[in-house]
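Here are some exercises to work through with the model open beside you. Try each task before you read its solution.

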Amino acid sequence: MSSSEADKGEKTTPIEMYQANLKSIPSDISALLSSYSGIPADQQNAHITQVRNQAYKTHPYPCLGRWRFLELDLANHPLYHSHVLPALLAKDQKGEHEQAEAETWMFLDLGTCLGQDIRKLIFDGADVSRLYGADLKPEFIDMGYALFRDEDKFPRDHFIAPADVFDLSTETELSKECDGKVGILQISAVFHLFDLEKQKIMAQRCLRLLDPRRKRVLLCGGQVGNVNPSEFPRARGGGTRFRHNEESWRQLWEEAVRGNDEWKGKIQGVEVGCVMEKRLFPEQMATSVGGQDEGEQPNNTQRQIGSVEEGFRWMKCHERRVDEQGDA
């Protein structure tokens, strides 16, 4: 883990909220739009820009303004090909025993945004019947269908919106559809929006979603982290957001399990893993020694709203829980 000494040279870097032009289309998104949505490569830039601009008129969120919705967090997660996708393969790619076991649980993308990660799972052969997404903003679901043109491939009732992670009522659609049924839960770019106390509430909400009958359950995703875990002030609106490193992230989940009556007696262990990635934003590239390579025009990665803080990292993380009868 990097120390604070290693980051003394870093400064807070303001990040522009809106980029008018889509400089390049990520190759994995381009392949998805071509093969899954049937949109030719030479039409993709105009299509994406039109959908984004229309949505941004009424919903000026940074994830739209900076093209953040074009990033496939799940497919780029270290466990995607080893643990996530193999467990979700369609029925015709599994044996009878595997089919029977798989059909008892679901995959949920909590904070699904446009559902881009779900579309990638479908494209890669996952069983559509077990894929679900939930988001606070129903308009994101509509935008996802406009972008991927797939109302005939993925049913709308597999999206739950609005879904408020702080609404703990058992009468919500999220609770009725998903509580106790999720075997793999993805939640990316959500925890880092809140202070530590709210993150603790969110962790308990996540535990309620997970299937307690399974020997193993997996929670994965990516969040903004920091080599120096702490509360950081919001750029707008007051309050703070807590940034984790691997140690503080592990502590959050170990405390959550110990404080959960349903889970604490069943858990043999909690495995927590993180990859802390240092990222250089285009705003930083412009002022760095040598600048950008000529002709290189990456899109601005918007995983931090407002500014890049000293010690900033993108944290790919996972938590796996094993019950007392499960494998160690």
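**Exercise 1. Find where Ala-134 sits, and list what surrounds Ala-134.**

Step 1: Ala-134 belongs to strand 3, residues 131-134; strands here are DSSP runs of E with at least two residues, helices are runs of H or I with at least four, and both are numbered from the N terminus.

Step 2: Before going further, a word on the source. This is a predicted model, so local features need pLDDT of at least 70 and side-chain atom pairs count only at pLDDT 80 or more, while totals for chains, interfaces and linings use all residues. Residues are numbered from 1 along each chain as its sequence is written, and side-chain values use heavy atoms, with hydrogens and water left out.

Step 3: Ala-134 has 0% relative accessibility and counts as buried. Buried means under 20% relative accessible area, exposed over 50%, and partly exposed in between, using a 1.4 Å probe and protein chains only.

Step 4: Contact means heavy atoms within 4.5 Å. Setting aside neighbours within four places in sequence, the contacts of Ala-134 include Leu-108, Asp-109, Leu-110, Gly-111 and Thr-112, and also Ile-160, Ala-163 and Leu-174.

Step 5: Pro-162 is 28 residues from Ala-134 in sequence, yet their C-alpha atoms are 7.4 Å apart.

**Exercise 2. Describe how helix 1 and helix 2 pack.**

Step 1: Helix 1 covers residues 27-35 and helix 2 covers residues 41-58; their axes lie 10 Å apart at an angle of about 105 degrees. The axes are lines fitted to C-alpha atoms over the stretch in contact, and angles run from 0 to 180 degrees between N-to-C directions.

Step 2: This makes helix 1 roughly perpendicular to helix 2, because angles of 65 to 115 degrees carry that label, whereas those under 35 are roughly parallel, those over 145 roughly antiparallel and the rest oblique.

Step 3: From helix 1, Ser-30, Leu-33 and Ser-34 meet Ala-41, Gln-44 and Ile-48 of helix 2.

**Exercise 3. Which cysteine has the sulfur closest to that of Cys-274, and how many disulfides are counted?**

Step 1: A disulfide is a pair of cysteine sulfur atoms within 2.5 Å.

Step 2: The closest cysteine sulfur to that of Cys-274 is in Cys-317, at 5.0 Å, which is too far for a bond.

Step 3: The count by this rule is 0 disulfides.

Step 4: Cys-274 is buried at 14% relative accessibility, and Cys-206 is buried at 1%.

Step 5: Cys-317 also turns up among the contacts of His-77, together with Cys-220, Gly-221, Lys-316 and His-318, once neighbours within four places in sequence are left aside. His-77 lies in the loop between helix 3 (62-65) and helix 4 (80-88) and is buried, with a relative accessible area of 6%.

**Exercise 4. In which sense do strand 7 and strand 8 pair?**

Step 1: Two strands pair if DSSP finds at least two bridges between them.

Step 2: Strand 7 (residues 230-233) and strand 8 (residues 240-243) have 4 bridges, in the antiparallel sense. Phe-232 has Arg-241 of strand 8 as its bridge partner.

Step 3: The hairpin has 6 residues between the strands, and Gly-237 takes a positive phi near 85 degrees there.
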